[in-house]
Amino acid sequence: MTGPCLPGRLSANFLAVFLLCLVGQGIGARGVGAQSTFGPSPHVTWSEGTDNTSSKAPRRFTATSESLSSNASTGQDRTRPNVSPQQDWPAPVNDQEHHLFTLVDVLEFRPKTGGGDGTSDYRWDIEGWYGGDYNRVWFKSEGQKDTAFKADYDVDFQLLYGRFIQKYYDFQIGPRVETQTFRGRNVTRGLGVIGIEGLVPYNYEFESALFIDQNGAVSARLSLTKDMLVTQRLILQTRFETNAAVQRVEEFTTGSGLNNLEFGVRLRYEIRREVAPYVGISLDRSFGETATLVRQDGGNPSQIRFVVGVRAWF
């Protein structure tokens, strides 16, 4: 029985070996296909390293992968990164854009009160700028009629260059033109302006300026304003302004020394943030030589006036 079964066993063994060869060739073909698709497999060499399985002293193995780096570069060339440098991206902080801003801080009517010689009059104080965060062109206009400081009309206009010098402060320089009218007499002069405008601690907005006219007469002005919130829309503003001069200039009703002090309180209601009607009181008083000149021209060196007006910005 052993003899007849031997050829059958040999045939079965031969068939098994043949099948194993076919399976091996199929796996090799798939490996070659994968290698052609993803590139050659990295060639890794090993140097002496650490072998924790050995009972001898541990040895250290370090793998080098020159082909890995070459394959990585090949893949990088084939797949571009999602984030690439953009040439038209804006700057992180856009501090070069120019804007236009105008503030009508005072635009008011002051009715006549009492039985004095005074008349109803008006006043305005407007300023604004055009430019960016560092360089600006400022324009300022202020005018008033029948004031304590001047006997009749007084109008001035300034066009200044402003430069940011420190946080909250702008340096300003430029020309100023002042015109004054009284009893049909009109006088005009030009002045140079050097000043600083900004925000001091406790949120006081201040404006200081030094003026030099064409004849060398020197004068100065200082103003402070502060907004105090009664509610989110009801705001109480206090305003203080003073003028002083070194030389006496009679044609502009200006004496040497302290010229005048003005203090005002205005309560406004912001219908919109940009528009706010207000009511208030303004106290004006001239001093020294200026008060004497005002009296000689028939003016009143001391006034208390009720005011009603509107404040706006855009």
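Guide: Contact here means heavy atoms within 4.5 Å, and the model to which this cut-off is applied is a predicted one.

Visitor: What covers the buried residues of H3?

Guide: The cover of those buried residues includes strand S12 (257–269) together with strand S13 (275–286).

Visitor: Why are Thr290, Ala291, Leu293 and Val294 called buried?

Guide: A residue is called buried when its relative accessible area is under 20%, and in helix H3, which spans residues 288–296, Thr290, Ala291, Leu293 and Val294 are classed in this way.

Visitor: How do you know that the buried residues line one face of the helix?

Guide: Seen down the axis of H3, the buried residues fall within an arc of 160°, and therefore they line one face of the helix. An α-helix has 3.6 residues a turn, so residues three or four places apart point the same way.

Visitor: What makes Gly288, Arg295 and Gln296 exposed residues?

Guide: Exposed means over 50% relative accessible area, and Gly288, Arg295 and Gln296 are the exposed residues carried by the face of H3 that is turned away from its buried side. After H3 comes Gly298, which has a positive phi near 85°.

Visitor: Which residues that line the largest pocket are the closest to its centre?

Guide: The largest pocket has a volume of about 840 Å³, and of the 36 residues that line it, Leu103, Glu127, Trp138, Glu197 and Glu205 are the closest to its centre.

Visitor: How many residues of each class are in the lining of the largest pocket?

Guide: Counting Asp, Glu, Lys and Arg as charged, the lining has 18 charged residues, alongside 11 nonpolar and seven polar ones.

Terms used. Residues numbered from 1 in each chain as written. Predicted model: local features only at pLDDT ≥ 70, side-chain atom pairs only at ≥ 80, totals over all residues. Heavy atoms only, no water. 1 Å grid on protein atoms, 1.4 Å probe; cavity = no way out; pocket = protein on both sides within 12 Å on 5 of 7 lines; lining within 4 Å. Points joined across faces, edges and corners; volume = space filled by probe spheres on them. Buried < 20%, exposed > 50% of the residue type's maximum accessible area, 1.4 Å probe, protein only. Helix = DSSP H or I, 4+ residues; strand = E, 2+ residues; numbered from the N terminus. Arc of directions from axis to C-beta.
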